[in-house]
Amino acid sequence: MARIGVFICHCGENIAGTVDVFKVAEAAGKFPGVVHSVEYKYMCSDPGQTMIKDAIKEKKLTGVVVAACSPRMHEPTFRRACAEAGLNPFLCEMANIREHCSWVHEKGEATTQKAIELIRIMVEKVKRNKPLYSIKVPVTKTALVLGGGIAGIQAALDIANAGHQVILVERSPSIGGHMLQLSETFPTLDCSQCILTPRMVEVAQHPKITLYTYSELESLDGFIGNFKARIRRKARGVDEKLCTGCGVCIQKCPQKKIPSEFDAGMGKRTAIYVPCPQSVPNQPVIDREHCTYYIKGKCKICEKFCERKAIRLDQQDEIIEVNVGAVVAATGFDILHSKDFPEYGYGKYPDVIDGLQFERLASASGPTLGAIKRPSDGKEPETVVFIACAGSRDDAKGIPYCSKICCMYTAKHAMLYKHKVHNGKAYVFYMDIRAGGKNYEEFVRRAIEEDGAVYLRGRVSRIYEEDGKLIVKGVDTLLGAQPVEIKADMVVLATAIVANQDAESLAQKLRVSYDPYHFLSEAHPKLRPVETNTAGIFLAGACQAPKDIPEAVAQASGAAAKVAGLFSSSELSREPVIAVVNRLPPPVFSTCTGCFLCEKACPYQAIEREEIKDRKGNVIKVVAKVNPGLCQGCGTCVALCRVKAIDLQGFTNEQVYCELMAL
Amino acid sequence: MIIEKKLLKQDSVEKLFAKLKADGRRILAPKAQGDEIFFEQVASASEMAKDYIQTTLSPKGAVFPRVEALFRYQMEGKDVKIENNSEPQPTVIFGLRPCDAASFAILNSVFSWDYQDSQFKSRLAQTAAITVSCSRADEYCFCTSVGGSPGDTKGSDILLTRIGSGDYLAEILTEKGKAMVTLAPELFAEAPSEDKEKYLAKVPVKFDLKKLTEKLPEAFNNNELWMEQSLRCLGCGACAFVCPACVCFDIQDESKRESGVRLRCWDSCGFSLFTAHTSGHNPRPVQSQRWRQRVMHKFSYFNDRQKYLGCVGCGRCSRKCPADMNLLEHLKAIAEAR
Amino acid sequence: MEELRKKARELLTSGAVKVIIGYGPGSGKRVRAVFVRKPEQADLLICDDRCLQNLAVYLTKPEVKALGKAAVVARLPTLRAILQLAAENQLTDGQVVALGISPEGKMTELSQFKAIEEFLAGFSFELSAEEKATLEKLDQMTPEQRWQFWQEQFAKCVRCYGCRASCPLCYCEKCLAECNQPQWIPAASHQIGNLDWHIIRAMHLANRCVNCGDCSRACPVGIPLHLLNQKLAEEVFKQFGARSGMKAAQEYALCNWKLEDRENFIK
Amino acid sequence: MSEFEPKIVAFVCNWCTYAGADLTGTSRIKYASNVRMIRLPCTGRIDFMLLLKAFEQGADGIIVSGCHPNDCHYTAGNFHARRRWMMFRSLLDFLGIDTRRIHFAWVSAAEGAKWAEFVNSVTDQVRKLGPNEQYQKLSQAGVE
C-alpha cells in the first residue's frame with residue numbers, strides 16, 4: 001500500500017497569502033493513500049527539508065508530494081532531500097501551487113480548491129511512480145571538431161591542450177577558413193594571416209590532434225559520449241605521407257586558369273593546387289573537374305615531375321570510422337551570392353564585387369599583392385562605393401536578420417582603400433551603424449573622421465554601367481531622402497552572411513535543430529549558447545549565427561570547455577526519463593508488434609531492433625528497443641505506439657492516466 | 001403444456017401493447033435499423049419490423065444485458081457505500097422466435113447452476129415472452145436438428161402463429177402468459193379450429209444429434225479436424241455476441257475518483273485473449289482450439305452438465321460470420337465422420 | 001478463373017508455394033476463404049465479384065503462416081494491404097506470391113513487392129463518386145446531426161471486434177483494446193467504450209487503411225465503419241499527400257512531419 | 001446557482017508552455033482558475049487518448065499547448081503532435097464531437113502573458129458553451 005506524504009509550503013505569504021494552506025493540508029490528509037500531510041512556512045529551507053526527511057523515516061513514506069513552487073525551481077532540491085533520507089528521488093513529485101495557482105489567481109475558495117486538486121493529481125501520480133536510477137554511460141574521450149576555420153581551430157587547440165584527443169575535419173584542402181582570406185582585421189588592423197597561421201601550424205603539429213582536410217562528415221550515429229562518426233576522405237590524388245609540399249607539380253600543371261576559390265575568383269590557380277602558400281597541410285590536391293588527365297584521359301605531367309612519386313591519380317574516396325565522445329560543429333558560414341542581386345549588377349559587372357573579394361584584393365598575399373586594382377581592367381579605382389546591408393535586414397531577400405560584421409568590415413574596407421589609394425574617394429551606404437564591441441565605435445569614427453570615408457545613410461536602389469563608370473543610384477535619408485548618384489569605379493557589396501548551403505543536411509546528420517535560415521540552434525539562447533539540444537554536440541562560430549572573430553573564438557573556447565567538462569569523468573550520469581519497450585515472459589516476450597513506425601518518428605534515432613530468439617537461436621520475433629544513451633525522453637514514440645508497448649519512465653501511461661482520473 | 005388457445009386479431013396487437021404499457025411493462029420488439037433488426041423498446045406496434053426471419057441480435061439482452069451494472073460504490077473517507085442495482089422493469093419481449101424463447105432455459109441453467117445469480121433471476125422473472133412462430137426459414141436454420149421446431153412452445157409465455165386470415169392463433173402457455181391475457185381479455189377471441197402446423201416453416205433435420213454428441217468426445221483430439229474447420233476463422237466475437245445461448249461474461253470495474261461501478265459485459269471464447277493468463281501463458285493459444293472449445297462447449301460439455309444443448313439452431317452465428325464459418329456444416333461433418 | 005486455377009496448380013505442383021489462399025464456394029450463394037494445398041483442389045478456386053474479403057488478413061495469422069509459403073488471390077485492396085504490411089515489417093519480400101486480380105478480373109502473378117508496386121501504379125486510389133458522395137453528405141450535416149448519426153450507429157456495437165479481426169492491418173498481438181493498466185478503452189460496449197474504441201481504431205488506421213471495406217462487411221450490426229477510415233484517408237491525402245499501401249517502403253504520415261504542414265486551429 | 005464554471009484540463013509540454021505558465025506566475029498576471037495543468041515532457045508525448053479521457057472525466061474544455069514550431073526542446077515533437085492533432089481534430093469533427101471545446105496553442109516559455117490571455121479566452125468560450133452535455137449524457141448510456 002502506498003504511504004504518501006504531502007508537504008505544503010506557505011512560501012511565506014507567496015502561497016499562504018492566497019491559498020488557505022491549512023485547509024489544503026487537511027484535505028490532502030484525507031486522500032486515499034496519504035498518511036502524512038503537513039504545511040510549513042518554507043519547505044525549501046533547512047528545517048523544511050528536515051521535516052520531509054524525518055517524515056520519510058518515521059512514517060515509512062513510499063512517496064512524497066511537495067506542494068510549493070514550480071518543479072522547474074526546486075524539484076532537484078526536494079528530490080535530493082528525499083534521496084538523503086533513503087527514498088528514491090524519483091518517488092518525489094511537486095505540485096505547483098505557486099506559479100500555477102497562488103500567484104495567478106485571486107484569494108478565495110476557488111484558488112484553495114485548485115491547490116487541493118493540483119495536489120490530488122500529483123498524489124495519484126506519485127502512487128504510480130517507480131524508483132528510477134540514473135543512467136551511466138561511458139565516455140569516449142575524443143572530440144570531433146567539424147570545420148577548420150578559426151572557431152574549429154580554437155576549439156581543437158583548447159580541447160587538445162586540456163589533454164584530450166581531437167579529430168579535426170575540414171572540407172577544403174587546408175584549414176584556416178574565411179579568416180585566412182582576410183587581409184587585415186578590425187578594429188586593430190592586424191594582419192589576419194600573421195595571427196592565424198601560427199595557430200594553424202600548432203594544429204598540424206599537435207600530438208593530440210588528428211587532422212583530416214579535404215574530408216567531410218558522412219554520418220553520425222550514437223549518443224553523447226559514444227558517437228560513431230563516418231568521415232569521407234575525398235581522394236586528394238596525392239599521397240600525403242610521401243608529399244613534401246615542394247610545389248613542383250603545381251608549377252608544371254598545364255591548367256593555370258582556374259578561378260581560385262581561395263581568392264574568391266580574383267585570382268587563378270592550377271588543377272593540382274594548394275589554396276594558398278600558407279596552407280596547412282601544405283600538400284596539394286587534384287581538382288578532378290579541371291584536371292586534364294580526368295577530362296581527356298592523358299597528361300600525368302604532375303606524376304612525371306613528382307620526385308617523391310606521391311601522385312595517386314587512381315586514388316578513391318575513403319570512408320573512415322571514428323569513435324568520439326563529443327562533437328563541436330564549427331562549420332562556418334557563406335555569403336549571399338551574385339544571383340541574388342540583379343539590381344546591383346553583381347555577377348554582371350566585374351567591378352561590382354563582394355566583401356571577400358575585396359579582402360583578397362587588399363591582402364598582401366592576394367592576387368594583386370595588396371594593390372587595389374579593379375577586376376575589369378586592373379586600374380586603380382578612384383571612386384569606390386561600399387554598400388552595407390546588401391541583403392541583410394531585407395525581408396525581400398528573405399534575410400530579416402542583421403549579418404552583424406558588415407558594418408565593421410565595411411568601415412575597415414573603406415579605411416584600407418583610403419590607406420592604399422590616398423586620393424581615392426570612398427562612399428559607404430548604410431542603414432544603421434552597429435558598432436557594439438570593444439573599440440568598434442572608435443574604429444568606425446576613425447574611418448569617417450581620419451580617413452575621410454563618406455557615409456551616406458540610405459539604400460542603393462540600382463547600379464548600372466555608363467561610359468565605363470558604375471552609376472550608383474541611392475538616397476541619402478539624412479538629407480531628406482534626397483536622391484544621390486555616384487559615378488564609381490568599383491562597388492563593394494557587404495553581402496549578407498548566410499548559412500552554408502548544406503547546413504540543413506549537416507543539422508539532420510547531427511540531429512540538432514536549426515532556425516529558418518538554417519543556422520544551427522543553440523539549446524538555450526541565453527543560458528546554453530554553445531550546447532545544442534542533442535547532448536554531446538556543441539556549436540562554435542558562425543554556423544550558429546553571424547559572428548566576428550573574437551565572438552567565434554570565445555564561443556569555440558566555450559564549447560571546448562564544455563567538451564573538457566564532459567571528458568572530465570569516464571562515465572556520464574543521465575536522468576532516467578527515457579522510453580522503454582516492454583519485455584515480458586515467454587510466450588509474449590513483448591507486446592511490441594515490430595511495426596517500427598516509432599523508428600522513423602524518433603527525433604534521436606534511439607529506436608533499435610532486437611531479435612528475440614529461442615534456445616536454438618531461431619528468431620521468434622523482432623521488436624523495438626530503446627537505446628538509453630540516445631533517448632532524450634520526449635515520448636513521441638509513446639504516443640505513436642498503437643499497442644502501448646513503449647512507455648516513458650517518469651511520465652508513464654499509467655501515471656498520466658491516473659493524474660487525469662484524479663480530476 | 002397449453003393452458004388455452006385463443007385468437008388475437010392482427011389489429012389487436014396495438015391494443016395489447018397499450019394495455020401492457022399501462023400495466024407498467026416495457027415492450028421490446030424487433031425494430032429495423034437499416035438492414036439489421038434489433039429488439040428495442042417500442043411505443044407502438046407500428047414501429048415493428050414487418051418481415052424478418054431472424055433478428056440480428058437475440059433477445060437475450062433482456063435478461064442478460066450486453067453491459068450490466070452489478071453494483072455501484074461510493075467511497076466516503078475510509079467507508080465504502082455500496083448501492084445495488086434497482087429492480088428491473090417488467091418487460092415483455094414480443095416477436096421473438098421459438099428458438100430464441102428456448103434459449104432462456106439454457107441461460108437460466110448457467111445462472112442458477114451452483115450460484116443463484118439474483119440479478120439474472122430477477123430479470124428473468126420480470127420478463128415475459130410473446131413469441132411468434134416461424135413461417136419462413138433459411139438455409140442457416142436448424143432448430144429441428146437440436147430439438148426445437150418453428151412452432152415450438154418451449155420458453156414462451158404466449159406463442160402466436162399467424163394464420164391465413166392474418167390474425168394470430170395464440171397459445172397461452174404459462175401463468176405469465178395468462179396474466180397478460182387477463183390485462184385485456186377482450187382482445188383474445190375464441191380460437192378457430194385450425195391447425196397451426198400448416199402455417200409453419202419447414203425446417204428439415206440436418207444431422208443426427210445423437211451421433212454428434214457421441215462422436216464429440218473422441219473428436220476432441222482430432223487436431224486436424226479443428227484446424228481445417230477453423231483456418232478461415234478470424235477470431236472475432238460475432239458468433240458469441242449474436243448467439244442467444246452464449247453466456248460468457250467479463251467483469252469490469254470502472255471508477256471515477258471516489259465512485260465506481262462493477263460491470264458485467266458479454267465476452268467471447270473466440271477471442272485470443274479470452275483464456276490468456278497474467279503470466280502470458282495461454283492454454284488455448286491457437287484459433288483451432290478456441291473453435292473446438294466453442295463446439296465442444298455447446299454440444300458436449302453443456303449437454304453433460306446442464307442437460308441442455310448450448311445451441312437452439314437459430315443460425316445467427318453462421319449468418320453473421322464474416323468468414324462464413326457455417327456451424328451447421330461443421331456439425332454435420334463431425335456427425336457424419338466415420 | 002481457369003487461368004487462376006491453372007496458375008494455382010502450377011505453383012503447388014512446382015512447390016513454389018505450399019498454399020493458395022483464395023476464394024471458394026461457401027454457404028448458399030456466399031464465397032469463403034479457402035486454403036488450397038493440393039494441386040487437385042485448385043478447381044475449388046472461384047474468382048468473381050462476390051470475392052471481396054481482403055485475404056491479406058490471413059498472411060499474419062500464425063496458423064496460416066505455419067502452412068508454409070503462400071500465394072494469395074489479391075484484389076487491389078489486398079495488394080495494397082500486402083505492401084502496407086511490408087512497410088510495417090510484417091512481411092518480407094518473396095515471402096508471399098500475390099495473384100493480382102485487376103478490376104476486370106485479369107490475373108497477374110506478382111512475386112516481388114516491386115512487381116506489386118508497379119501493378120498498383122496503374123490504378124487510381126481515389127474514392128468512387130458514390131463513396132465521396134456519402135462522405136460529403138455526412139460532412140454537410142451539422143455537428144449535432146453527425147453526433148446523432150454516429151451515436152445511433154455506435155449504440156449498436158457489441159464489441160465483437162469483427163472490424164478488427166477482419167482487418168489485415170489489425171495484426172497487433174495485443175490490441176490496445178486489451179491493454180489495462182491503464183485501461184484506455186473501456187472493455188464494456190457502453191456508449192463511451194464504443195466511442196473510444198471506434199475513435200482509436202480510426203486513428204490507428206489513419207494512413208494505414210487500404211479501403212477494402214472489410215470492417216463494415218464484418219460488422220454483424222451494420223455499422224458503416226469504413227466511413228471513418230475513408231474520412232481520415234482523405235484527410236491524410238489532402239493534408240500530407242500520402243496514401244497507404246502504395247510502396248513496400250512506405251513512409252507513414254503520422255511518424256513524419258513537414259515544417260510547412262498547415263492547420264488553422266493552433267493559436 | 002451562480003454562473004456555470006467550466007472545468008478545463010490543459011496538457012502542456014514541460015519546456016515551453018509549462019515554463020511559460022511559470023512566467024505568468026512570476027509576472028503575477030491573473031487568470032481564470034478553472035484550468036488544471038498536466039505536465040508532459042513534450043507535445044509529442046500527448047496521446048490523443050488523453051483528450052478523450054479528459055472529456056470522459058468531466059472536462060468541459062481542453063487545452064493542448066507546447067513549443068512553437070522549430071522551438072521544440074526535442075527538435076520535432078511538436079511537429080509530430082501537430083500532424084496527429086490535425087487528424088484527430090478532423091475525426092472528432094466528423095463524429096460530431098464539439099471541437100469548440102478543444103483548444104490548441106503554441107505558448108513559449110517567454111509568453112507568460114499569452115498563456116494568461118489564452119486560458120481566459122478558452123475559459124470564456126467554454127463558459128458560453130455551457131456544460132459538456134454531449135459527454136455527460138454518454139456517461140451512463142448503454143449500461144443496464
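Mentor: Start with Leu220(A): its bridge partner is Ala229(A), which belongs to strand S12 of chain A. This is a predicted model, in which local features need pLDDT of at least 70 and side-chain atom pairs count only at pLDDT 80 or more, while totals for chains, interfaces and linings use all residues. To find your way, note that residues are numbered from 1 along each chain as its sequence is written, and that chains are lettered from A and ligands numbered from 1 in the order in which they are written.

Strands (E, at least two residues) and helices (H or I, at least four) are DSSP runs, numbered from the N terminus. Two strands pair if DSSP finds at least two bridges between them. In general, strands of a sheet pair through backbone hydrogen bonds, either parallel or antiparallel.

Which strands make up the open sheet, and in what order? There are three, arranged S11-S12-S17 in chain A with antiparallel pairing. S11(A), residues 215-223, and S17(A), residues 318-324, are the edge strands; each has a single partner strand, so one side of each has no neighbour in the sheet. From one strand to the next, the twist averages 20 degrees; the axes here are lines fitted to C-alpha atoms, and angles run from 0 to 180 degrees between N-to-C directions.

Now step back to chain A as a whole. It has 18 helices and 34 strands, and its C-alpha trace spans about 90 × 75 × 40 Å along the principal axes. Of its 663 residues, 52% count as buried. A residue is buried if 20 or more other C-beta atoms lie within 10 Å of its own, exposed if 12 or fewer, and partly exposed in between, with C-beta atoms placed from the backbone.

The domain assignment of chain A, which comes from an automatic or database source, lists domain 1 (4-127), domain 2 (143-217 + 324-330 + 520-571), domain 3 (235-316), domain 4 (333-498) and domain 5 (579-661). The C-alpha centres of domains 3 and 4 of chain A are 34 Å apart. Where they meet, seven residues of domain 3 of chain A are in contact with eight residues of domain 4 of chain A; contact means that the C-beta atoms of two residues, placed from the backbone, lie within 7 Å. The domain 3 side has four nonpolar, two polar and one charged residues. Here Ala, Val, Leu, Ile, Met, Phe, Trp, Tyr, Cys and Pro count as nonpolar, Asp, Glu, Lys and Arg as charged, and the others, Gly among them, as polar.

Chain A also touches chain D: 33 residues from chain D and 38 residues from chain A take part. On chain D, the elements giving two or more residues are H1 (17-26), S2 (35-40), H2 (48-56) and H3 (77-94). H1(D) gives the most, with six residues.

For a contrast in pairing, visit chain B. Six of the six residues of strand S6 (91-96) of chain B are buried, so it is largely enclosed by the rest of the structure. S6(B) pairs in the parallel sense with strand S2(B), residues 26-33, over three bridges, and Ile93(B) in S6(B) is the bridge partner of Leu28(B). S6(B) also pairs in the parallel sense with S7(B), residues 127-132, over five bridges, where Leu96(B) stands opposite Thr131(B).

Chain B meets chain C too, with 37 residues of chain B in contact with 29 residues of chain C. By class, the chain B side has 16 nonpolar, eleven polar and ten charged residues.

Let us finish with a helix in chain C. In H4(C), residues 113-121, Phe113(C), Ile116(C) and Leu120(C) are buried. Why do they share a side? They cover an arc of only 55 degrees around the axis, which puts them on the same side of H4(C); the arc is that of the directions from the helix axis to the C-beta atoms. On the other side, Lys114(C), Glu118(C) and Ala121(C) are exposed. The cover over the buried residues includes H3(C), 76-87, and strands S4(C), 96-101, and S5(C), 107-110.
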